[in-house]
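Look at the sequence and the model together, and keep both in view while reading.

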Amino acid sequence: SDDFCPGGSIYPNLKESSLFLYPNQDVYFPPCKRYRISAPFIFAGGKFEQKKPSIEVLPDECLFEIFRRLPGGKERSTCACVSKRWLTLVSNIRRDEISDNKTPQASDLEHENTDKKGGVSSEDVDSDVEGDGYLSRSLDGKKATDIRLASIAVGTASRGGLGKLFIRGSKSRHGVTTVGLRAISRGCPSLRVLSLWNLSSVGDEGLCEIANGCHQLEKLDLCHCPSITDKSLLAVAKGCPNLTDLTIEGCANIGNEGLQAIARSCPNLKSVSIKDCPLVGDQGVASLLSSASYSLTKVKLQALNITDVSLAVIGHYGKAVTDLSLTSLPNVSEKGFWVMGNGHGLQKLKSFTVTSCRGATDSGLEAVGKGCPNLKQLCLSKCPFVSDKGLSSLAKAASSLECLQLEECHRISQFGFFCSLINCGAKLKVISFANCLGIKDLNSGLPPLSPCESLRSLSIHNCPGFGDASLFALGKLCPQLQHVELCGLHGITDAGVLPLLESCEAGLLKVNLSGCVNLSDKVVQTISNLHGWTLELLNLDGCKISDTSLVAIAENCQLLTDLDISKCTITDSGIAALAHFNPINLQILSVSGCSMVSDKSLPSLGKLGETLLGLNLQQCKAISSRAVALLTEQLWRCDILF
């Protein structure tokens with residue numbers, strides 16, 4: 001046994017033991033009725049000095065031995081509340097260092113209770129047993145300190161165990177260091193998810209502690225931790241073989257060596273995201289892809305110094321990859337995309353995102369379309385060398401494409417838009433174009449074409465050349481639309497929008513016309529009459545509508561839950577109309593910037609507030625602060641912006 005005194009007390013009389021607490025000093029206890037709380041007097045230097053009785057005089061080693069012999073986690077948690085010193089000591093007790101110090105009497109009593117009950121109830125089970133780690137904790141900013149981490153380590157140990165820990169640091173002098181992570185590693189062996197953000201004071205020593213104590217770690221997220229190097233990843237690779245998800249961002253001292261160690265020791269790796277790590281090159285990326293060829297499903301590479309070699313490896317070894325994102329890769333050329341598409345390894349790829357890659361060209365996209373037969377979602381953003389030819393070729397090759405999103409691809413014109421719509425096959429459901437300045441309105445009508453029956457969502461944002469002729473053609477091609485977003489299109493009018501609305505046979509669920517300044521009440525009346533039975537969201541921010549539109553909405557749109565009429569020329573009468581007719585179940589209402597809505601709308605807003613969860617009254621200059629205060633008191637369930 002490792003007990004200090006296994007044979008019991010060395011003094012036959014317990015009171016006599018207190019006479020020899022301090023060697024080489026005379027100790028005197030005056031007679032006192034309550035002897036156990038009397039303070040000793042120490043004779044030193046020719047006079048008596050009073051010494052306050054305190055357990056703090058014990059060294060850390062003694063306190064540590066006491067704490068690890070406590071019967072349960074609740075007792076240790078209570079002790080940890082006494083002082084920072086005790087908290088530090090308790091948090092440094094490893095699970096395997098906790099002593100089972102049941103006395104013979106306690107053991108006999110336990111056996112007796114077991115015999116009587118025929119088993120052990122849940123109350124008899126030691127609450128100190130580490131659970132499966134279902135608890136989650138998050139520390140942000142100034143709250144991210146070593147003391148709080150020590151408290152988490154002690155407090156969660158007897159309550160199911162810590163499974164997820166998220167730390168978002170700050171520039172505070174009392175931030176997280178190795179001490180805090182050591183407490184987590186010793187008290188939380190069930191930790192599965194660890195996220196460290198903006199922790200300049202955490203280095204290799206702290207992460208090595210985690211790797212040595214948390215062998216069940218599955219997900220590791222390191223963001224802007226400049227002091228962490230390859231040494232940490234080497235320790236994680238050795239101590240956490242179950243790692244499945246690795247995210248590294250802005251860690252300037254992590255390079256190929258650490259990624260190669262992860263590749264060798266973590267065969268179950270499923271997701272990898274690496275961003276802005278200048279030391280990471282082709283060797284590290286190639287090691288991850290080649291070693292986890294049949295398990296790695298998600299790959300995200302951004303702002304790295306990799307070349308065409310990495311894309312060639314992805315195209316050959318990415319046999320299990322379903323999601324691939326490539327962003328800001330300046331050293332990747334057209335050849336890299338072409339080789340990746342012709343590598344025939346991305347057979348399971350479903351989602352492909354390319355952003356700010358000058359190597360993304362027409363030939364590369366065509367190769368990707370042919371080499372990825374199961375591609376369902378394609379997102380192209382800021383690709384200056386992708387033109388109508390490449391988009392059309394991709395649309396013909398990717399027969400399984402369901403979602404096509406383009407943003408700031410200025411070489412795409414209306415020809416590429418309609419070709420992609422026609423050639424994508426019968427599975428295309430979503431098409432979205434944003435800030436594509438190359439799109440111009442059609443000069444003439446399209447030849448007779450078969451409609452795209454599968455398309456359900458159409459989104460055109462801030463494409464100034466998109467006009468009425470294009471909308472008229474879309475109305476003929478897309479009869480089954482349910483979601484329509486036409487935002488910031490100053491060139492469209494009622495003449496273009498009305499045919500599109502009238503051609504939608506299935507019934508629109510969501511309509512967003514924000515920023516279309518040339519639309520009038522006639523459009524809203526058509527939406528309400530034709531689609532009021534299905535409409536759930538309507539955004540008319542900045543449109544030229546009046547109270548007439550609100551009357552139509554109130555009469556026909558009983559399923560509407562989200563209405564935005566910001567910066568419209570509505571008045572108190574329009575708000576009253578919304579509240580007067582058969583009540584619609586509005587949950588979100590925005591009248592921001594409606595200068596003619598005043599305090600007179602207070603009763604109507606109060607009636608609408610029976611179902612409202614959010615109300616935006618910003619920049620409504622005719623509404624007083626007093627009215628808002630009354631409304632806030634009345635609508636206590638509703639979040640009000642003013």
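Leaving aside residues up to four places away in sequence, T355 touches L326, T327, S328 and S381, where contact means heavy atoms within 4.5 Å. T355 sits in strand β12; helices (H or I, at least four residues) and strands (E, at least two) are DSSP runs, numbered from the N terminus. With a relative accessible area of 19%, T355 is buried. Buried means under 20% relative accessible area, exposed means over 50%, and partly exposed lies in between (1.4 Å probe, protein chains only). T355 and E408 are 53 residues apart along the chain, and their C-alpha atoms are separated by 9.9 Å.

This is a predicted model, in which local features need pLDDT of at least 70 and side-chain atom pairs count only at pLDDT 80 or more, while totals for chains, interfaces and linings use all residues. Residues are numbered from 1 along each chain as its sequence is written, and side-chain values use heavy atoms, with hydrogens and water left out.

Next comes L380, which belongs to strand β13. Is L380 buried or exposed? Its relative accessibility is 1%, so L380 counts as buried. Residues that L380 touches, not counting those up to four places away in sequence, are V354, L365, V386, Q405, L406, E407 and C409. From L380 to F433 the distance is 9.8 Å, C-alpha to C-alpha, and the two are 53 residues apart in sequence.

Helix α15 (residues 388-397) is mostly covered, with seven of its ten residues buried. Those buried residues are D388, G390, L391, S392, S393, L394 and A395. Which elements cover them? The cover includes the helices α14 and α16 (414-423), together with the strands β13 (377-381), β14 (403-407) and β15 (430-434).

Helix α14 (residues 362-371) also packs against α13, at an angle of about 15° and with the axes 7 Å apart. Here the axes are lines fitted to C-alpha atoms, for helices over the stretch in contact, and angles run from 0 to 180 degrees between N-to-C directions. The helices α13 and α14 are therefore roughly parallel to each other. Angles under 35 degrees count as roughly parallel, over 145 as roughly antiparallel, 65 to 115 as roughly perpendicular, and the rest as oblique. On the α13 side the contact is made by E334, F337, W338, M340 and G341, and on the α14 side by S363, G364, A367, V368 and G371. By class, this contact has five nonpolar, four polar and one charged residues. In this scheme Ala, Val, Leu, Ile, Met, Phe, Trp, Tyr, Cys and Pro are nonpolar, Asp, Glu, Lys and Arg are charged, and the others, Gly among them, are polar.

Two loop residues have a backbone angle to look at. H344 lies in the loop between α13 (334-341) and β12 (351-355). Its phi is near 60°, a positive value in a residue other than glycine. H344 counts as exposed because its relative accessibility is 57%. K567, in the loop between β20 (562-564) and α21 (572-580), has a phi near 55°, again positive in a residue other than glycine.

Last comes the whole chain. It contains 23 helices and 23 strands, and buried residues make up 50% of its 642 residues. Among contacts between residues at least 6 apart in sequence, 80% join residues at least 24 apart.
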